[in-house]
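Trainee: I would like to work through a structure with you. Please show it to me, and I will ask as we go.

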Amino acid sequence: MSTVEGAGEREEGEYGRAAKRLKTEERERDEAEEREEGEEELEEGEDSDSGSLPGNGEAAADNRARWSASQYGAARRLMCVCVLQDNGEDSHRISPSPVVHVRGLCEAVVEADLVDALEKFGPICYVMMMPFKRQALVEFSAVESADRCVSCGANEPVYIAGQQAYFNYSTSKRITRPTNADNPNSGNKVLLLSIQNPLYPITTDVLYTVCNPMGSVLRIVIFKRNGIQAMVEFESVQCAQKAKAALNGADIYAGCCTLKIEYARPTRLNVIRNDNESWDYTKPYLVRRDRGKGRQRQAILGEHPSSYSDNGYGPPCPLLPLPGNSRYKLSSLDVPDMVSYPLPQSSSSYSGHAPSSVAMVSGLHPSKMNCTRIFNLFCLYGNIEKVKFMKSVPGTALVEMGDEYAVDRAITHLNSIKVFGKRLNVCVSKQHAVIPSQVFELEDGSSSYKDFAMTRNNRFSSAGQASKNIIQPPSAVLHYYNVPPCISQDHLLRLCTEHDVPGFVKFKMFDAKPSSKTISGLLEFDSKTQAVEVLTVLNHYQIRIPNGSNPYTLKLCFSTSSHL
């Protein structure tokens with residue numbers, strides 16, 4: 001192994017440990033988010049195989065169950081729920097706090113919007129965005145400022161980014177910062193970016209074009225172990241502050257790839273190679289790949305990728321105003337008024353193969369894997385069109401997905417996972433479509449080819465549906481939903497036993513509305529591998545109940561929680 005390669009592995013290990021620490025801190029902060037959310041709507045449910053998506057109520061329910069009862073108590077302390085009686089008086093009196101819980105925000109709001117609207121009440125120390133909940137926590141420097149904010153919001157409308165917002169005190173006296181700095185106004189020139197719901201690939205090129213208009217970017221490091229996170233080092237603390245205010249809560253692409261930004265612990269990033277996952281812009285000699293015609297210094301990304309053709313990507317996305325540009329009061333010298341958004345790049349463009357919507361999956365168990373079970377696993381990352389096992393290469397199948405971005409997501413999250421004792425290898429296929437030729441019978445008696453184009457269980461059938469999915473790597477906790485209310489924990493355990501898959505060790509059922517026709521909850525297994533196997537076998541299982549006209553389709557997906 002060369003000295004550079006050895007240094008690279010050590011560097012990757014160093015950032016891996018940093019990423020795990022940062023992930024733990026983010027989960028602690030998220031405990032506050034979830035209970036600030038108030039009453040979320042659970043999925044209304046369906047009494048037939050309607051293929052509902054894990055969005056809105058389901059996604060909220062998944063997030064709500066990420067904490068145990070003890071953690072719920074901790075999160076509860078960060079929240080104030082003011083129940084107003086008919087006479088306008090508070091039935092629960094909580095002492096004023098410098099931290100205010102803001103709700104009712106519009107989807108497009110960013111941190112700069114809150115600062116711009118609320119700084120009239122007093123100096124603001126810190127803002128924590130909750131982009132998927134349309135909520136935020138705002139910490140003022142003095143409790144008197146928070147009191148003015150809450151009082152004003154109770155007496156007259158207060159608008160943030162053109163929409164009326166609502167305010168309550170939080171029982172927390174201070175928002176926990178990742179840096180744990182004693183000085184609430186302290187910052188760092190290194191930002192931690194968490195990319196939520198990453199439907200499209202996130203590379204150093206993408207993050208550079210997003211962040212550089214805010215201030216000169218020096219280095220970027222991306223982590224993909226537990227979801228997608230990145231650390232971005234700016235030239236100065238002031239540049240990092242501008243970027244955090246203008247981009248925190250914004251979508252890189254419409255409805256997905258949402259940025260949640262905090263200050264990171266490290267004060268400097270050390271990059272030893274320039275590629276898709278790390279880049280040092282002060283050391284161009286670290287380049288290890290052909291960068292074509294050079295970097296295009298464009299800005300934060302627009303609607304969604306244009307249609308792809310054999311000749312490459314279509315025309316660039318339309319020009320959009322830079323989020324927070326007018327409200328954050330950046331000078332005309334800082335950024336242009338309008339910026340062009342580049343298209344996302346699939347990892348396949350750097351793999352030596354042309355982008356393809358077909359994935360090749362090898363390492364499949366010969367008797368326990370079939371077309372349906374491949375669909376059950378891969379449908380979490382994109383629509384599945386066709387699945388075909390290769391007769392000439394045992395244990396290998398071709399999976400045609402909705403687009404090359406779905407293939408990229410499947411590779412990112414499923415490559416190298418173990419299923420039924422065998423490790424999967426997922427890569428981009430040279431084929432651009434799956435042709436139903438040489439159909440034969442698999443060991444379990446099912447067909448080697450199956451067309452899923454018309455199934456209602458695909459979860460990315462429209463842009464709106466796709467944006468409601470939470471792209472999550474495999475975990476030991478499964479979220480189940482669309483289950484009839486008569487199904488109990490024992491029923492689900494029997495289902496696991498009947499299908500020869502591991503049983504769960506912990507069970508949690510969400511509280512459902514009286515009008516809900518289905519229930520949902522979480523199942524924790526001893527290992528991630530066990531959870532993957534259960535999802536592969538039982539996802540979309542048809543549950544029939546006595547006197548029921550239509551079966552219920554059991555829906556499973558990986559939870560954002562690592563344990564119950």
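Trainee: How are H8 and H12 oriented to each other?

Mentor: This is a predicted model, where local features need pLDDT of at least 70, side-chain atom pairs count only at pLDDT 80 or more, and totals for chains, interfaces and linings use all residues. Residues are numbered from 1 along each chain as its sequence is written, and side-chain values use heavy atoms, with hydrogens and water left out. The axes of helix H8 (residues 371-378) and helix H12 (residues 528-538) cross at roughly 120 degrees. Angles under 35 degrees count as roughly parallel, over 145 as roughly antiparallel, 65 to 115 as roughly perpendicular and the rest as oblique, so H8 and H12 are oblique.

Trainee: What do you mean by helix, strand and axis?

Mentor: Helices (H or I, at least four residues) and strands (E, at least two) are DSSP runs, numbered from the N terminus. Axes are lines fitted to C-alpha atoms, for helices over the stretch in contact, and their angles run from 0 to 180 degrees between N-to-C directions.

Trainee: Which residues of H12 does H8 meet?

Mentor: Contact means heavy atoms within 4.5 Å. On the H8 side, take Arg373, Asn376 and Leu377. Their partners in H12 are Val532, Leu535, Thr536 and Val537.

Trainee: Which residues of H4 are buried?

Mentor: Helix H4 (residues 111-118) has 6 of its 8 residues buried, so H4 is largely enclosed by the rest of the structure. The buried ones are Glu111, Ala112, Asp113, Leu114, Ala117 and Leu118.

Trainee: Is phenylalanine 389 buried or exposed?

Mentor: Phenylalanine 389 is found in strand S17 (residues 384-389). Leaving out residues up to four places away in sequence, its contacts include Leu364, Met369, Ile374 and Phe440. Its relative accessibility is 6%, so phenylalanine 389 counts as buried.

Trainee: How many Å apart are phenylalanine 389 and proline 436 in space?

Mentor: In sequence, the two are 47 residues apart. In space, C-alpha to C-alpha, the separation is 9.7 Å.

Trainee: Is asparagine 482 buried or exposed?

Mentor: Asparagine 482 lies in strand S23. Its phi is positive, near 60 degrees. Most residues other than glycine have a negative phi. Its relative accessible area is 0%, so asparagine 482 is buried.

Trainee: And glutamine 438, buried or exposed?

Mentor: Glutamine 438 also has a positive phi, near 50 degrees. Glutamine 438 lies in the loop between strand S21 (425-428) and strand S22 (449-451). At 61% relative accessibility, glutamine 438 counts as exposed.

Trainee: What percentage of the residues in the chain are buried?

Mentor: The chain has 12 helices and 28 strands. Its length is 564 residues. The buried share is 53%.

Note on methods:
Buried means under 20% relative accessible area, exposed over 50%, partly exposed in between (1.4 Å probe, protein chains only).
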